[in-house]
Structures are given as structure tokens and as C-alpha cells.
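Subject: Structure for your review

Dear colleague,

Please find below the structure I am handing over to you, together with its sequence. My findings follow directly after it.

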Amino acid sequence: MSSVDKADNSDRQHAFRLTPVSRETQERLAILVAELKRWQQAKNLVSGATLDEVWTRHVADSLQLLGHAPQARRWLDLGSGGGFPGLVLGIRLAELGGHIDLVESNARKCAFLRHAARLTGSPVTVHNARIEDVVDGFVGKVEAVTARALAPLPLLLDWCNELLRTGVTGVFPKGQHLDAELTAAAKYWKIQATTFPSLTDSAAAILVIGGVEKRAD
Ligand SMILES: C[S@@+](CC[C@H](N)C(=O)[O-])C[C@H]1O[C@@H](n2cnc3c(N)ncnc32)[C@H](O)[C@@H]1O
């Protein structure tokens, strides 16, 4: 085994220690990772530097989100990019009888998302659309919404407030500026939220939102 393969294997083992899943799900995640690496050369789907630790930085980082809305079976991922967290959640939700909608404005990324969803047999619907045009249409259709590396909290709340106000759980991995984002958002919104430590270094914390209410002007 080459040193690159050894490093990949050790990263993979570490990821599944953090976020254990069945053998079948592991195999389907391996198909996703192989396809991502194959498309990456031509399509630049994720930051190239992160591919050396794709299992922890992307796969485990995505899988950990399910535990923050454990009852939810119908998920929505906004700004899915190369498939994180949306495709990973879709692969796991297949075993749970769930479904995920992915919204992504970039057509070339949508082509990859549809291809990888088909190849892994995942219950995923890809919407090549702008979030602001379609997000309210998911009210009553999803139970949890997520988005990674998409937008600061005030903008996320602008987009998702109708979902969050109507009982959808928001599960957002966030970086080190979360406190500043919460302070900025609190000017406009009363937010029922809890933060949890992230299992991976990719996020500083997971912000779980149980509801929002717009402040009176
Ligand atoms: C920085 S990338 C993050 C991708 C992925 N969530 C991840 O963590 O690897 C943000 C993605 O959101 C998409 N995006 C940004 N604004 C959007 C909008 N208003 N509607 C739909 N997609 C959007 C971009 O095309 C891009 O693929």
C-alpha cells in the first residue's frame, strides 16, 4: 500500500470512529469519495487541499449533523456544492427510509450531485435553483434544514426563517465567528438555539435552531 493509500485508510478509519455507520453505508460513501476525486480534476468541486482528509473533513463532518435532528427523515441542504453535507446525508438517509432535497445554483455542480446520487442509489432530489427563489416552497415538506459554508447567520435566517418559524429544525455547522454571527442576528431575530461542539475540526460548533421570531421594529 502506498503512503497516500495508508493516509487515506487511516483518515477513513478515524472518520468512522467519530461517526459509525453500517458497512453498506461505508461502501456507498466510498463510491461518493471516489467519484468526487475523479470529477475534482475537471470540475473543482471542493477545495483541493481538503481532499487529503476527505473522510474526516467532509464525510464525518457531514454525518455528525444527523444526530442533531435524530427524528428527522426529510432533510433540506442549501448550497450543496460538491455534496457536503447533502449527499452524505442522502446516503445515510437511504437506510433510514428518508429523503433529502439539495438546492444549488451552479449547474455544473448539480450535474455532479445528480450523477453521484444515482450511482449511490440515494434518495436525493437536486434543484438547480437560487435558494431565495425556492426555499419557502419546502415548508411542510422537510423536517430539518442544513447548510455548510454558505452564508453568515443573519443571511441564513433571512432565507430560512419561514422554515424555522414553522417547526423545521436548523442544523448549521459554524466556524469560529459564531458568537459574532449570533450577536448580529439577534438584532433582528429572537432565536431559540443551542450550540454543540463539533466532532471534527472542519467546524467550530454545530448550531441547532429550534425556532425564530422576527423582532418588532
Ligand atoms: C462555499 S460553497 C459550500 C459548498 C458545500 N456546502 C460545502 O460545504 O462543501 C457554497 C455553495 O453554495 C452555492 N450557492 C451560493 N449562493 C447560492 C444561492 N443563493 N442559491 C443557491 N446556491 C447558492 C454555491 O454555488 C456553492 O456551490
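Phenylalanine 84 sits in the loop between β1 and α4 of this predicted model. Phenylalanine 84 is buried, because 25 other C-beta atoms lie within 10 Å and 20 or more are needed for that class. Leaving out residues up to four places away in sequence, phenylalanine 84 touches His58, Ser62 and Arg148. The peptide bond that leads from phenylalanine 84 to proline 85 is cis, and its omega is near 5°. Proline 85 is likewise found in the loop between β1 and α4.

The UniProt annotation "binding site", from an unreviewed entry, covers Gly79, Phe84, Ile131, Glu132 and Arg148. Please note that such annotations may be inferred rather than shown by experiment. Of the annotated residues, Arg148 is one of the contacts of phenylalanine 84, and Ile131 is among those of glycine 79.

Glycine 79 lies in the loop that runs between β1 (74–78) and α4 (86–96). Is glycine 79 buried or exposed? Glycine 79 counts as buried because it has 20 C-beta neighbours inside 10 Å. Apart from residues up to four places away in sequence, glycine 79 touches Glu104, Ile131, Ala147 and Leu150.

Strand β5 comprises residues 169–174; six of its six residues are buried, so the strand is largely enclosed by the rest of the structure. In a regular strand, side chains alternate between the two faces of the sheet. In β5 both faces are covered: Thr169, Val171 and Pro173 are buried on one side, and Gly170, Phe172 and Lys174 are buried on the other.

Which strands pair with β5? Strand β4 (residues 144–146) runs parallel to β5 and is joined to it by three bridges. Within this pairing, threonine 146 has valine 171 of β5 as its bridge partner. Strand β7 (residues 205–214) runs antiparallel to β5, with five bridges between them. Here proline 173 is the bridge partner of isoleucine 206 in β7.

Helix α7 (residues 153–165) belongs with two of these strands: β4, α7 and β5 form a right-handed β-α-β unit. The helix has 13 residues, yet its end C-alpha atoms are only 15 Å apart, short of the 18 Å that a straight helix would reach at 1.5 Å a residue. Tryptophan 159 is buried, as are Leu153, Leu156, Leu157, Cys160, Asn161, Leu163 and Leu164 in α7. In an α-helix there are 3.6 residues a turn, so residues three or four places apart point the same way.

Two backbone features flank this helix. In the loop between β4 and α7, alanine 149 has a positive phi of about 55° although it is not a glycine. Alanine 149 counts as partly exposed because it has 15 C-beta neighbours inside 10 Å, and that class lies between the limits of 12 and 20. Just after α7, glycine 167 takes a positive phi of about 100°.

Strand β2 (residues 99–104) pairs in the parallel sense with strand β3 (residues 124–128) over five bridges, and isoleucine 100 stands opposite valine 124 in β3. From β2 the chain passes through helix α5 (residues 107–119) to reach β3, and this crossover is right-handed.

Threonine 120 lies in the loop between α5 and β3. Threonine 120 counts as buried because it has 22 C-beta neighbours inside 10 Å. Apart from its neighbours within four places in sequence, threonine 120 is in contact with Arg28, Ile31, Leu32 and Ile91. The C-alpha atoms of threonine 120 and proline 70 are separated by 22 Å, and these residues are 50 residues apart along the chain.

Lastly, aspartate 11 is placed in helix α1 (residues 3–18). Aspartate 11 is partly exposed, because 17 other C-beta atoms lie within 10 Å. Leaving aside neighbours within four places in sequence, its contacts are Glu53, Trp55 and Thr56. Between the C-alpha atoms of aspartate 11 and phenylalanine 112, 101 residues apart along the chain, the separation is 24 Å.

With kind regards

Conventions. Residues are numbered from 1 along each chain as its sequence is written. This is a predicted model: local features need pLDDT of at least 70, side-chain atom pairs count only at pLDDT 80 or more; totals for chains, interfaces and linings use all residues. Helices (H or I, at least four residues) and strands (E, at least two) are DSSP runs, numbered from the N terminus. Two residues are in contact if their C-beta atoms, placed from the backbone, lie within 7 Å. Two strands pair if DSSP finds at least two bridges between them. A crossover is right-handed if, with the strands pointing away from the viewer, the path from the first strand over the helix to the second runs clockwise. The expected span of a helix is 1.5 Å times one less than its number of residues.
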